[in-house]
Amino acid sequence: MDDNAEQQQPSTGNRAAIVAPSYAVDQWAKALTTALAHDDAGTRRRAAERGRRWQAVLEGVREGRLTIGSRTPVPGLPAWVTPEVVRGGFATGSAGAAGPLLPHEQDTARRFGLPVTREALFAHHLTEPGLRELADLLDSGRYEVTVPEEAALLTVAWLARAGEVDGAVALARELAPHARELRFLPRPSQVRLGGAGNVSRRTVADARESLGRRRPHDAVETQREALTVWNPFADRMLAHWLATTDASGRVLERHPDERWYHAGAELLAEYRRLADAHTRCRKHRDPKGNLGILIGALEESVARRPLEARRLGLLRTAVAAMVRRRGEPGSARHAALRREQAAQGALPSHHAFARLARHRLAGLPQEGGASDVAPLVADVSAREAREWDLPAGARLAAPVRHIVEGTLDAPLGTLVERGLVPSAEVLADLLPQLVAATTARTYAGDTLPALMAANYRAFRRRRSLLLLNLEHQVRVEELPWVKAVDGHRNDGPDGGRAARELLRELGETAVRAFPGTLLPNVLVRELSVLARQADLGAPLVEELAADIFTGGFSPKFLAAARVAAELLGGTLYERYYGIDYAAVRNLAVLEASRNMLRSRPSRTSPEFDALCARRAGNPGSWSVAGNGKVIEQAQILTTHNLATLVGRVGVTPGTGSVRAGARDEPGAHGGVGNEDGWAVLALRGFDLVCRLAARLDGPARALATVKDAAYAWRQMIFHLSLSEPLTRAVVPDLLAEEASRRSPRVAERLAPALAGLRFVADGGSFGPDGTALDGTARRLVGWSTEPHWLLAPPAGASR
C-alpha cells in the first residue's frame, strides 16, 4: 500500500448499523413520515424515493444480498461498478448506471432498428456503424458523462480508432457480462464539454431547478396579505364606526342614519368577499380581536338589533385602542404608517424574482456555468416589469441573486474573492472540476483528455461506501476503461508539473481561506490525487469516524507524522502538545526499514497505533469518546495535513487577505501586520475559536462545537509556530485582549487555554493530564471521556 492509500472510514455512519439495521430502519421511518405528512408535493415525492431506497437496504441485509462494510457489497457486481448509495454509505443493491432505459438510449435503438434493450445497444456499438457514431461524438465533444460507466463505450471507440484493437476487444469483453443491466452509452449534449481552468458552484440547469422549487413563503405572504388587504379594510371599518361618535369621542353616542346602515351592509359584503379570496390571515376571524369585535358589532347593528351593554363596551374599547395605537384614519400619523406598510407590502416576493431569474437563465447552455452573471442579476428592466408584474428598477432578492451568482464560471481564485466559496466543504465540491482538467492534461491526443476529464468528474460524484477493516474506496484508476488507456498517459515533467502547481494553488487556497477549519475528507481526497500525479511523496490523511474506528491507522499516518516532525521539531507546537518529534521520526524510519524487508507491507502501523493510544491515556474498552481521543492524537501528531502541505507541497501563508472565511483584514490586530502571514492566519483561526466559544451558551450541539473549537485552536498553534519569534512572543497577550473584546463569558471560557498557551510560550510544560502545576492553565483538546472543562458553568453559578 502506498503512502497515499485511502483509509476510508467515513465520518458518516453508525457502528450499530453494522451489527443491526437499526440505523437503516430509523432513516426509512423518517422518509416514510415525510412522504405521508409533508405539505409540499415535491418533498413528499423525494421522501418516498428515499424510503424506497432505504427499504431496499433493509431487504438486502435481511435476505443476505448485501454485505455492508465491503468494497463489493452486491454479489456479482465488481468493485468498479458505481453502486447506488444512501446516507451513511449504505448500498441499496442497485447500480447507479442501471434502471429503465433513458430517452437517448430509446432514440438510438429506434434509429438503428434495434431491440430496445441495453444488451442490443452494447452489441450495436461494437459494430462499424456504432463505432463510427461514437467516434463522431468524441470528435464533437457534445456528450455528457453523468456516471463513469457512460465513458466506457467511448473508450472502446477511442482504442479502436487508435489502432489498439486488442485493447478495445479486451475492454469490451470485461464489460459484456454487465451489458444487459448497465448503461455504457454516453448522453448526447447540445454544448461542447467545458474548458479547463474554470469552475462553477452549480450549472445553469441546477440553478434553474433550484429557482423552480422556490414557492411563496407562507409567513411572508401572510404578512403581505395583512398589509395590503386587511389593514386597509380595518381602516375603513374603523372610520365607519368613528362616524357615530360625538364630541366626546364615544362610539354610538350619535344615532346613525340610513346611509350609515347601507354603507355598513356594503362593508360586510366586502368583508365576505375578502374572506373568501384571502385566506392566509386568520386574525380577522378572532371574535375577541379588535377587527373581529368591530365586524361582529356591525353585523348586529345592520340587522337592527340593539347592542347589549357588554358588546357595546367591547366595541368602544376596541375603537379607542385602534385610534390610540395608530391615530385616526386620515391623520398625519396614521397616513405615514400606512404609506410605509403599503410600500413594504408592495415589495415583490422572492418567488416572483425567482421566476424572472429562471427566465433569464433559460437562454444559456444548461450543462455548464455562466461566463458573466452581471446581466443575470441586473435590476428589473422596464420591459421585464411589464412582463413579470415587478417594479421597474427593483433589485433581485439576495437569496435569488446568490443562486444565480453560483453559476459563475471563473477561476477558483475569483470565486473565493467574491465570497462564493463560504466553506472548505464548498471548496472541496469544486475541486473535482479542476483536478479533472489537470488529470486530462496527462493524456495524449485531442479527444482522450476531454473524455478522461468527463469520466473523472462523473467518478467524483460517486458516493462513498461505508467500509471496514482499513479497506479503501475504489479509485478512478481501477475503472477498466481508465486502465485500458493508461499507456497513453504522459508521466513526464509536464504532467507532474501541472499537478504540482494545482496542488499548491488549492492547498494555499484552503489554508488561507479557512485557517481554522479541518480539511474535509472530500478535499483531502482530491489533493491526494494531485499528490500522486505530482509524485511528491506527500502523505495526506483523512478524518476517521470515531463510531466505527477499530484502533488501527494505515502507514501513511506515521509517514505524515514524520513530515510534521521534520517541520515542527523544537517549535511551540511540539512543546504545547508534549510531542517528542525526534522519537516519532525515528519510529517512522524504523517502520520504513521493516516494510522494505517484508514481502507485503503492513496494512497498519502498530507502533503508531500504540503511541496514539498512550497519548490518549489508553482509553481501554470500546467507546466513541475513547476512540475520538485516540483519533485526535493522530491528528495532533500529523497536524492533519498542514505540515504535509507546507513541508512537501510548499504552501505559504501569503500576505494579503482572503475573502472567504475572513472576518478581519490582516493587520487589524495590533502588533501583527502583513509582514507575517502565519501570524495573521493564527489570529483568524482564533477568531473562529472565539465564535465557537460564544455558541456554547446557545442551542448549538455543545460537544461538536467543543471539538470544532479544539481543531481551530490546534491549527492556530500550528500557524503560530511558523511565525516570527517576536510575533509569537506577543501573540498570547493579543489573543487574551481579543477574547476580552468579545464578551466576558468568552474570555472566561478561554482563560485556561490562553493561560496554558502563555505558560508554554514562557518555557513551561503541561503535566500528563494536560494541566499546569497550579491547575489554572490547560491544554485545549476536543475529545474527552469526562465532562469537558470548556463546558463548565460560569463562575459563581449554582450547580
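This is a predicted model: local features need pLDDT of at least 70, side-chain atom pairs count only at pLDDT 80 or more; totals for chains, interfaces and linings use all residues.

Guide: Residues are numbered from 1 along each chain as its sequence is written, and side-chain values use heavy atoms, with hydrogens and water left out.

Visitor: Why is C612 called buried?

Guide: Buried means under 20% relative accessible area, exposed over 50% and partly exposed in between, with a 1.4 Å probe and protein chains only. C612 has a relative accessible area of 0%, so C612 is buried. C690, at 1%, is therefore buried as well.

Visitor: How many disulfides are there?

Guide: A disulfide is a pair of cysteine sulfur atoms within 2.5 Å. By that rule the count is zero.

Visitor: What makes the pair of Y576 and F766 edge-to-face?

Guide: Rings of Phe, Tyr and Trp (its six-membered ring) pair if their centres lie within 6.5 Å; planes under 30 degrees apart count as stacked, over 60 as edge-to-face and the rest as tilted. The centres of Y576 and F766 are 5.5 Å apart and their planes stand at 85°, so this pair is edge-to-face. Y576 lies in helix α25 (residues 572-576) and F766 in the segment after α33 (744-761), so the pair ties together parts 190 residues apart in sequence. Helices (H or I, at least four residues) and strands (E, at least two) are DSSP runs, numbered from the N terminus. Both Y576 and F766 are buried. Ring pairs also link these two into a cluster whose members include W678, F686 and W713.

Visitor: How do you know that the buried residues of α4 are on the same side?

Guide: In helix α4 (residues 103-111), H104, E105, T108 and A109 are buried. They cover an arc of only 140° around the axis, which puts them on the same side of α4. The arc is that of the directions from the helix axis to the C-beta atoms. The face turned away from that side carries the exposed residues P103, R110 and R111.

Visitor: What makes K707 a charge over the ring of W783?

Guide: The rule asks for NZ of Lys or CZ of Arg within 6 Å of the ring centre and within 35 degrees of the ring normal. The charged end of K707 sits over the ring of W783, 4.4 Å from its centre. R304 lies over the face of Y261, at 3.9 Å from the ring centre.
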